[in-house]
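Dear colleague,

Please find below the structure that I am handing over to you.

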Amino acid sequence: MKTILMNSAVVLSMVSLAVSAEETSTSFSWGNVTFQPRAYAGYANYSLDSDIFTFIRDSDHAMAQGPLNFDALETLHKIDINGFLWGLGGTVASGRFFGDIYYQSTLNETVQSGTGLNLEEYTFNIGGVKAQHSDWAVSLGYMITDQWSVFAGYKSGSTESDQSYQGYTNSPNRQLIENGSLDTKFDQDGPFLGTSYSFPIGSGALTIKAAYAYLNGDFEWNNQVLDYPPLNPLIITQQYKLDGNSNAFSLGISWTQSLMDNLGYSLGANYHRYDFDMSGTSTGSVQNVPDPSYAGTITNGSLTEELFTITASIFYRF
C-alpha cells in the first residue's frame with residue numbers, strides 16, 4: 001500500500017504552475033484506466049505589480065514616466081488579493097501515463113476601498129476597486145520510476161479589476177456631471193514543463209515539484225467617462241493595450257495520504273513568479289471619434305505576477 005500511495009503522489013504532482021492540490025493520491029490500478037476527481041479550498045496571496053513605464057505621445061513626442069494605475073485617482077499601482085481560493089480538477093491514468101485538468105479561482109475581492117473627494121464646487125464618489133484572479137491548466141505526464149515523474153502542459157490565467165466613480169455639483173439640486181468606469185484585464189497563457197519526486201513517509205507521501213513555463217501576456221486598461229456639460233453629454237474613452245512574455249518558474253510541496261481504499265486527502269503549498277516585459281499603445285476618443293491627444297506608445301516597463309497558495313483537497317477514485 002505504501003508503494004501504491006507513493007506512485008499516486010508522483011502522478012498527481014504534475015499539475016501546473018499555480019495549483020497546489022495536484023499532489024493527491026490513491027491506489028491507481030496500473031494498466032486500467034482510472035479517473036480521480038478532486039475538490040479543494042484554501043488561501044491565496046496574489047499580486048500584480050506595475051513597474052515604471054515610459055509614455056510617449058504621438059502628436060508632440062511629449063514623454064512621461066510612471067507605473068500603470070488600477071484606479072481612477074492614480075494611486076493604486078499593485079493589485080493585491082488575499083483570501084479564499086477554491087478549485088476543481090480531475091486526473092486520468094493508464095499504466096505509467098496520466099493526464100490532468102483543473103480550474104481554480106479567488107473570490108471577487110475589494111483591493112482598494114471607496115472614498116469621497118470634496119472640492120469647492122464638486123463632490124466625487126470614488127467606488128472601491130474589486131479584483132479576481134483565476135487560472136486553468138491541462139497536462140500530460142509519464143512515470144519514469146515509482147517515485148519520479150515528468151509532465152508537460154498548457155496553462156492560462158486571467159486577472160480582472162473594475163471600479164466606478166461619479167461626480168456631482170455641490171449646488172442644492174446636486175446635478176450629476178460625470179459618470180465613469182475603469183476596468184483592467186491581464187491574460188497570460190503558454191506551455192510548461194515540470195518534474196516531481198515523492199518520498200514515502202509512514203502512511204503518507206511527501207512530494208516536491210518544480211516547473212518552468214514560457215507565457216505570453218496581454219494587458220488591457222479601459223477608462224470610459226460620460227461627462228454632462230451644459231448642452232450634450234460627452235462620451236470620453238481612453239485605452240491602453242500592452243503585450244509581452246515571461247520566463248516563469250514554480251515550486252511546490254505537498255503531503256498526501258489515503259483515508260480509505262478510494263478516498264484520500266492532500267495538503268499543499270505552491271509559489272510562482274512571472275515577470276512580463278511589456279510594451280504597447282495608448283488610444284482614446286471623444287464621442288467615438290479618435291482623439292490624437294490620447295494616442296501614444298508605452299514602453300520599457302514590466303508587470304510582475306506572484307501567487308502563493310496553501311490548500312487542502314479531497315479526492316475519490318472511480
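**Salt bridges**

Arg273, Asp275 and Glu306 are linked in a network of salt bridges, a salt bridge being a side-chain nitrogen of Lys or Arg within 4 Å of a carboxyl oxygen of Asp or Glu. Please note that this is a predicted model, in which local features need pLDDT of at least 70 and side-chain atom pairs count only at pLDDT 80 or more, while totals for chains, interfaces and linings use all residues. Residues are numbered from 1 along each chain as its sequence is written, and side-chain values use heavy atoms, with hydrogens and water left out.

Another salt bridge is formed by Lys185 with Asp187, whose closest N and O atoms are 3.8 Å apart. Here Lys185 is partly exposed, with a relative accessible area of 36%, and Asp187 is partly exposed at 28%.

**Overall composition**

The secondary structure of the protein chain comes to one helix and 16 strands; helices (H or I, at least four residues) and strands (E, at least two) are DSSP runs, numbered from the N terminus. Of the 318 residues in the chain, 47% count as buried. The accessible surface comes to about 14400 Å², of which 58% belongs to carbon and sulfur atoms; such areas come from the Shrake-Rupley method with a 1.4 Å probe, and for residues only the protein chains shown count as cover. Among contacts (heavy atoms within 4.5 Å) between residues at least 6 apart in sequence, 71% join residues at least 24 apart.

**Surface patches**

Patches are made of residues with over 30% relative accessible area and no salt bridge; like charges are joined within 9 Å, and nonpolar side chains (Val, Leu, Ile, Met, Phe, Trp, Tyr) within 5 Å. Lys and Arg count as positive and Asp and Glu as negative, while His and the chain ends are not counted. The place of a charge is taken as NZ of Lys, CZ of Arg, CG of Asp or CD of Glu.

Glu160, Asp162, Asp183, Asp218, Glu220 and Asp243 gather in a patch of negative charge on the surface. The elements that give two or more residues to this negative patch are strand S10 (148-169) and strand S12 (204-227). Asp243 has its place in strand S13 (residues 234-258) and counts as partly exposed, at 45% relative accessibility.

A nonpolar patch of about 860 Å² is made by Phe97, Tyr142, Ile144, Trp148, Val150, Tyr197, Phe199, Ile201, Ile208 and Ile253. S10 and strand S11 (176-201) each supply at least two of its residues, and the largest share, three residues, comes from S11. Ile144 is found in the loop between strand S9 (129-143) and S10; at 36% relative accessibility, Ile144 is partly exposed.

**Individual residues**

Asn245 is also in strand S13 and is partly exposed, with a relative accessible area of 34%. Its C-alpha atom is separated by 5.5 Å from that of Leu215, 30 residues apart along the chain. Leaving aside neighbours within four places in sequence, Asn245 is in contact with Tyr214, Leu215, Asn216, Asp275, Phe276 and Asp277.

Most residues other than glycine have a negative phi. Arg174, however, has a positive phi of about 45 degrees; Arg174 sits in the loop between S10 and S11 and is partly exposed at 41% relative accessibility. Phi of Asn300 is likewise positive, near 65 degrees. Asn300 is found in strand S16 (residues 296-316) and counts as exposed, at 63% relative accessibility.

Yours sincerely

Definitions and conventions
Buried < 20%, exposed > 50% of the residue type's maximum accessible area, 1.4 Å probe, protein only.
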